Amino acid sequence: MYTFSSKLKTFSIALIVLGLLGMAYGFFTVPKNTEEIETILSASSHNSHEAEAAHNEHKVASEHKAESHVSKSEEHQEHLEHVLSQYQNKPWSAFFIAAFFFFMISLLALVFYAIQWAASAGWSIVLFRVMESITAFLLPTSFFLLLFLVLSATNFNHIFVWMGEHAANDPALVEKAPWLNKTGFLFRAFLFVTGWNIFRFFLRKNSIALDTAGEMKYYKRNFNIAVGFLAFFIVTELFFVFDMTMSLDPHWFSQLYPFYVFASMMVSGITVILIVTVYLKSKGYLPNVKQSHIHDLGKFMFGFSIFWAYFFFDQFMLQWYSNQPEESVYWVPRLLGSYQLPFIGMLILNFVLPFLILISSDFKRISSIIVAAGLFIIIGHYIDIFILISPATVGDSWSFGIPELASLLFFFGLFIFVVFSALAKAPLQAKGNPLMKESEHYHYYNL
Amino acid sequence: MSNKTIQAIFDDDDVLVAAVKKVRESGNHIEEVFTPFPVHGLDKAMGLKDTRLAITAFIYGVIGISFAVWMMNFMMIKDWPQDIGGKPSFSYAENMPSFIPIMFELTVFFAAHLMVITFYMRSKLWPFQTASNPDPRTTSHLFMMEVAAGDNAEAVSSLLKDAGATELNVVDKH
């Protein structure tokens, strides 16, 4: 039985409080009018006009300009208002990025867990309680994510362009309105998120019941639930990701996008499972988790990092090759614009470093090296999500400052609190699973 | 010094691995083990050196990627310059993304095929090679360990018998 140490609890609560303070600071220091933006812009030296032309949101604005031949000062005013809306989006965007990141990590940890059940995998059963505890974070993050979506739909922020009043003047958005409308959007989000939470609840419940009652019916039931969840998930994830992040750039679309996000968060979920496992092991828990189990998680990290890179490159190459204006609009701010450095850096953190570190079988059995690779992957995929969302919400006014860091700290603190509380609620080794012996004796022959 | 070899037959892979460990501990030399399927841990128990096939795979992969780069540079840039995706830059570096799939495929192609050929050569499985298996039963359900008998064939035989061998043959190796 694991006990949530008071030291760790204090640490997590401190992170939550720090995060809340930082987020409040972010919301209170938002510029309120265009005069404040003028002082911010004159203080910073970067020429935002040049980069502005590349930005897709400006397409609508520049069409307006061409039509009405507005005077220079009016144009300047329009630009200031645009930058103002970007600055006002910043704390919301920061919150959304962190909430989405942690939500998807716990969701994909649940998917990984369900795959173990559906495949009747033998090796991973000693890790089941760790996976279950990470999925415990699904419920709190669902709450924050849905809260954010409701606030967005009720015009507290302008993260989703297609929710704004300009959408009615945009033929493409009018065409897409049967799908991209507030009612449908919220309905789908609530349906999907509730569905996933229900599956999680029953998977966990049966797992605990298997512990105490030890009857095979719970084992069979969990197998069925896991298969049902995976079937439900793979369909709903597509539309969920279309809604959540792809609709931020409503003119741009990619069929590969949901799989790309899936791969990105799958590798993050597995990495989080690994890091929590190694942490618990370093504290003397989980005596049945051997280097072979860690080695196997490392193989999954390696495999899914390459899987991610494959989807990244597929999506990029097809659109780069075809060179269509409506597709390149997505790549210009990322590949050539102000996001170039994090974009290239993310490729190194998410593909080059994990590939070079984790390709070696010897490295995968050394905990410190595999955790270092895991941290690269986690940081890299946070940047990945940041770049998925930020160019559409804050554009070239992006920065990594107090609001972004505070949102991350808030969810990280909450993650520690929720996950380790869940770990303390049940014995760290699941009992009653008929394949348990195989998991305990699991040995990678070359280790 | 006799050239006699003891061929011990086993009917279980776990017994075989345990017997291999026992024979090695007693200081006898195992010449070869024949199994109908790969047995995990047998190579460790026999004290075989790690395979160097992975190193050759890397070398073949490097050859493959170099060949791909050379080939596409020659075909698409030098010999018959191509307008790639409406970007007529005629430069290898600037058109890199469209070449990556072929570079990847040829890396895998070279590594895979040359590795298989290397494996066959190392296992002496070239064309017209006849089977060198001493007992056809080891291809279906039995395991065989060949131990150099040395001067004390009796002692080795009883050791193998104790370790669970179901059948013992002493043969002359030439």
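Two residues are in contact if their C-beta atoms, placed from the backbone, lie within 7 Å. This is a predicted model, in which local features need pLDDT of at least 70 and side-chain atom pairs count only at pLDDT 80 or more, while totals for chains, interfaces and linings use all residues. Residues are numbered from 1 along each chain as its sequence is written, with chains lettered from A and ligands numbered from 1 in the order in which they are written.

**Exercise 1. Confidence**

Task: State the model scores and find where in chain A the pLDDT is below 50.

Solution. 
- Step 1: The model has an ipTM of 0.76 and a pTM of 0.87.
- Step 2: The average pLDDT (the predictor's confidence in each residue, from 0 to 100) is 89 in chain A, where 94% of the residues score at least 70.
- Step 3: The pLDDT is below 50 over residues 47-61 of chain A, a stretch with 25 contacts in the model beyond near neighbours in sequence.
- Step 4: Chain B also averages 89, and 98% of its residues score at least 70.

**Exercise 2. Two chains, two outlines**

Solution. 
- Step 1: Helices (H or I, at least four residues) and strands (E, at least two) are DSSP runs, numbered from the N terminus.
- Step 2: The C-alpha atoms of chain A fill a box of roughly 75 × 45 × 45 Å along the principal axes.
- Step 3: The C-alpha trace of chain B spans about 80 × 30 × 30 Å along its principal axes.
- Step 4: A residue is buried if 20 or more other C-beta atoms lie within 10 Å of its own, exposed if 12 or fewer, and partly exposed in between, with C-beta atoms placed from the backbone. Buried residues make up 43% of chain A and 16% of chain B.
- Step 5: Among contacts with a separation of 6 or more, residues 24 or more positions apart account for 85% in chain A and 77% in chain B.

**Exercise 3. The cores and helix H12(A)**

Task: Identify the residues with the most contacts inside the largest nonpolar core, then follow A:Met301 into its helix.

Solution. 
- Step 1: A nonpolar core is a set of buried Ala, Val, Leu, Ile, Met, Phe, Trp, Tyr and Cys residues joined through C-beta atoms within 7 Å. The largest one has 115 residues, and A:Ile273, A:Met301 and A:Val419 have the most contacts inside it.
- Step 2: Helix H5 (residues 72-118) of chain A gives the most to this core, with 22 residues.
- Step 3: A second, separate core of 18 residues includes B:Ile6, B:Val17, B:Phe143 and B:Ala149.
- Step 4: Beyond four places in sequence, the residues that A:Met301 touches include A:Val267, A:Ile270, A:Pro354 and A:Ile377.
- Step 5: A:Met301 is one of the buried residues of H12(A), with A:Phe300, A:Phe304 and A:Trp308 also among them. Their cover includes H11, helix H14 (340-358) and helix H15 (367-393) of chain A.
- Step 6: H12(A) has 32 residues and reaches 47 Å from its first C-alpha to its last, close to the 46 Å expected at 1.5 Å a residue, the expected span being 1.5 Å times one less than the number of residues.
- Step 7: Just after H12(A), A:Asn323 takes a positive phi of about 60°.
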